[in-house]
Amino acid sequence: MGTHAWISPSRTLEYPGPIEFVPFTALLSRLSSGLTMHLHKREEFDAIVVGSGMSGGFAAKELCEKGLKTLVLDRGVHFEHGSSFITEHKRPFELPRNGRVPVTEVEEHYKTQGKVYLFSEATKRLFVKDDEQPYVQEKPYDWIRANQVGGRSLMWARQTYRWSPMDFESNLRDGHGVDWPIRYKDIEPWYDYVESFVGVSGQKEGLPQLPDGKFLPPMEMTAVEKHAKQAIESAFSDRTMTIGRCAVLTSQLNGRAPCHYCGECERGCSTRSFFSAVSVSLPAAAATGNLTIRPNSIVESVIYDPSTNRATGVRVIDALTLETLEVFAKIVFMCASTLGTTQIMLNSKSAAFPDGIANGSGVLGHYLGDHHMGVSASGFTEDFNDRYYAASRPNGIYIPRFRNLDARSARTDYVRGFAYQGSSWRLGPGRGAAQAGIGSDFKNSLRKPGPWEMQLWGYGETLPRFENHCRLSSTEVDQWGIPQLVLSADWGDNEKAMRKDTAACAGEMMEAAGFKNIQVTDDIEGNPHGLAIHEMGTARMGRDKQTSVLNGFNQAHDVPNLFVTDGACMASTAVQNPSITYMALTARAVDYAVTEIQNGRI
Amino acid sequence: MNRREALSRIGLIAGGTLSASTLSGLLAGCSTPPAQDYVLQFLSKEQFDLIGSMANQIIPDTDTPGAVGAGVDRFIDNMLANYYPAAESHLFVSHLDAFALAYGQDVKDPTSLRNLVQRQDDAAFSAGHDEQDPAIQFYKKLKGLVVSGYYTSEVGMTTELNLKPYGDSRMDISVEDVGISWSN
Ligand SMILES: Cc1cc2nc3c(=O)[nH]c(=O)nc-3n(C[C@H](O)[C@H](O)[C@H](O)COP(=O)(O)OP(=O)(O)OC[C@H]3O[C@@H](n4cnc5c(N)ncnc54)[C@H](O)[C@@H]3O)c2cc1C
């Protein structure tokens with residue numbers, strides 16, 4: 001990714017000055033020097049982390065802080081806090097075509113990535129070009145990818161919800177999938193630990209299905225949301241509406257400033273208020289002096305030594321020089337994203353593991369899940385015309401799951417549940433395009449804020465099914481000679497039944513809150529697997545090595561020094577946005593791995 | 001937004017937590033207006049002038065500049081050249097030409113043009129209008145471009161409306177506190 005001609009150097013934001021960010025200043029130079037470091041043939045590290053996104057960034061921080069010399073490999077380009085944030089705070093009129101990506105460019109390069117709601121001229125450089133990294137859609141699958149240092153942590157929507165005790169028991173209870181080898185109490189202290197570092201704002205609610213966390217002060221609701229909350233909670237005693245729990249600071253944390261509410265976290269956050277690997281976890285790793293990070297490093301496979309039954313390192317293709325190199329370490333952490341990790345593992349074939357490393361069970365690549373979405377309700381209100389807001393809040397509201405929690409809320413038509421994210425706003429001047437009128441009256445009317453609209457978007461749990469899977473293509477390879485991933489997943493009857501209820505409940509809540517012109521949508525065709533960007537499974541955890549890839553510490557059953565701590569490890573999807581759980585599992589796995597090393601077991 | 005205005009807005013920032021370099025980033029956005037010697041990319045001079053005249057009927061000069069003053073004519077030329085697929089842009093322009101041909105000298109006279117644009121608008125938003133009617137499709141596309149071009153322009157965002165400030169976390173305020181709409 002070269003610099004764009006239209007970016008004038010004067011707009012490049014400098015790294016924030018030392019006053020607010022003393023702890024980070026020194027370490028960034030270390031991070032940079034690590035980037036340029038040349039790897040020597042057969043250089044040995046204590047740990048290799050594949051992928052530098054949400055999971056890999058956290059793995060790096062934990063490993064480095066525990067004293068391990070750690071090499072982080074990422075296939076994408078170098079991306080640096082501050083200087084890489086070239087579109088931060090740019091107005092539409094400072095961007096080409098006021099921020100629109102040409103239709104033909106989307107067709108050619110971003111057919112899938114272009115479906116993401118925040119895809120624009122300001123963000124396109126974060127996404128992969130679909131034509132440059134093709135995959136096979138045996139069934140429609142939107143594989144949303146971001147390859148650069150920081151991965152998709154650079155553009156996530158920050159929604160942060162703990163899993164609950166019932167989420168770790170659901171497989172056992174209803175028999176879908178394998179029993180999780182851990183319970184909520186195993187991960188609870190790690191949620192505490194990770195949240196305290198990430199910084200999560202939210203409101204405590206005391207709900208068993210959505211445990212409270214270590215919250216910074218909550219963000220505020222709009223007048224319409226406050227009203228909807230009150231109306232929904234009084235009409236439906238089983239439901240709660242809370243402000244979104246979000247990985248954006250509302251007060252100082254470890255020298256990071258609170259949010260300045262520009263509302264465009266994905267452009268980069270100079271104040272580090274928005275949690276990303278680039279701004280927060282990788283700098284912490286670099287601060288230890290133990291981090292080496294190498295971008296443009298496409299991990300092709302994991303190297304396996306049958307004589308020791310250990311992963312000894314990884315094979316890397318340099319994306320710039322196409323040179324191949326091998327790097328070695330005592331332990332390997334796979335954090336290349338659910339599908340990225342599984343692709344590498346499937347491609348790591350040896351006599352001992354002809355179907356991919358640590359795949360003695362044969363389930364590697366299977367039980368691919370996501371959240372199903374595309375059920376929504378919107379409505380307008382003529383009330384609260386005297387109320388407005390002064391912030392671009394990087395957050396919305398949340399209605400936690402309320403189905404199949406207990407006998408009272410049990411359903412006969414489906415198992416598991418769904419939740420809603422939502423938000424409200426006053427229509428902006430763009431409404432004029434769909435409105436009659438010309439001239440000064442028209443113009444002056446658009447000067448006033450438009451009517452209030454509110455929307456709810458459902459996210460539903462997906463059952464783990466063997467047939468939803470990815471595998472390596474036997475015919476198609478990418479430009480680096482790596483077999484392409486074939487993706488094959490669809491929605492089952494349980495999801496379809498759940499969607500009906502999701503739609504009905506959304507509509508009835510909007511009605512109870514008095515909205516008008518309510519539109520309820522269930523667009524299953526437009527929302528295939530992948531588009532919720534919560535893809536999970538494919539190297540699942542479990543108690544039995546015959547039916548799962550990883551044990552309760554994210555350690556491969558078959559290869560004890562190989563760990564998988566991204567979404568591939570998940571044995572079910574629950575309904576919560578998953579990233580905080582990946583990070584908590586990652587921190588827990590590192591803690592375990594380091595103990596195992598100290599005890600001489602790996 | 002000029003520098004002084006920007007600074008006074010930044011005064012709103014709670015706790016003064018933004019670093020100096022972030023501030024300079026914010027301020028760098030309030031720079032020079034676009035070049036006056038614009039080189040047409042897609043439209044002929046005649047087509048460009050007609051687009052500008054029609055756009056200014058939809059969003060005229062008031063106490064703030066109208067569409068042309070905000071550069072909406074240039075925005076549309078740019079979108080036709082660089083955003084839409086060529087076939088779509090050519091179709092749009094063929095409708096523009098047809099419009100010019102049909103109304104001859106009328107499009108040159110502001111009052112007549114105003115009436116013409118008003119008629120197009122009435123037709124495009126009348127009850128039971130035909131969405132497939134090419135003239136209606138053309139007009140709606142034009143109006144969409146004028147509105148989006150205007151309210152994403154520097155004039156539209158900073159002079160006509162309020163560019164959203166930074167640093168305020170309040171999500172429930174009196175509308176009187178800001179008076180006019182945020183630009184996005
Ligand atoms: C628009 C958007 C909104 C989202 N909103 C939310 C939300 O609100 N809440 C939430 O919890 N989650 C959200 N997510 C999902 C969240 O971003 C992911 O769950 C998270 O980033 C996954 O972390 P990861 O480390 O597994 O993968 P990533 O963050 O994707 O990082 C993987 C890294 O691995 C690298 N890699 C891949 N293959 C290789 C290879 N072969 N060799 C070397 N490196 C490789 C990639 O370049 C990448 O940098 C959102 C995602 C997007 C895109």
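**Exercise 1. Which residues of α5(B) are buried, and which are exposed on the other side?**

Step 1: Apply the cut-offs: buried means under 20% relative accessible area, exposed over 50%, and partly exposed in between, with a 1.4 Å probe and protein chains only. Helices (H or I, at least four residues) and strands (E, at least two) are DSSP runs, numbered from the N terminus. This is a predicted model, in which local features need pLDDT of at least 70, side-chain atom pairs count only at pLDDT 80 or more, and totals for chains, interfaces and linings use all residues. Residues are numbered from 1 along each chain as its sequence is written, chains are lettered from A and ligands numbered from 1 in the order in which they are written, and side-chain values use heavy atoms, leaving out hydrogens and water.

Step 2: Pick out the buried set, which is Ser89(B), Phe92(B), Val93(B), Leu96(B) and Phe99(B). These residues lie on the same side of α5(B) because they cover an arc of only 110° around the axis, the arc being that of the directions from the helix axis to the C-beta atoms.

Step 3: Turn to the other side of α5(B), where Ala87(B), Leu91(B), Leu101(B) and Ala102(B) are exposed.

Step 4: Recall the general rule: an α-helix has 3.6 residues a turn, so residues three or four places apart point the same way.

**Exercise 2. Where are Arg272(A) and Ile533(A) found, and are they buried or partly exposed?**

Step 1: Check phi. Arg272(A) has a positive value near 60° in a residue other than glycine, and Ile533(A) also has a positive phi near 60°.

Step 2: Locate them. Arg272(A) is in the loop between β6 (242–243) and α7 (277–287) of chain A, while Ile533(A) lies in the loop between β18 (516–522) and β19 (562–564) of chain A.

Step 3: Classify them. Arg272(A) counts as buried because its relative accessibility is 0%; Ile533(A), at 27%, counts as partly exposed.
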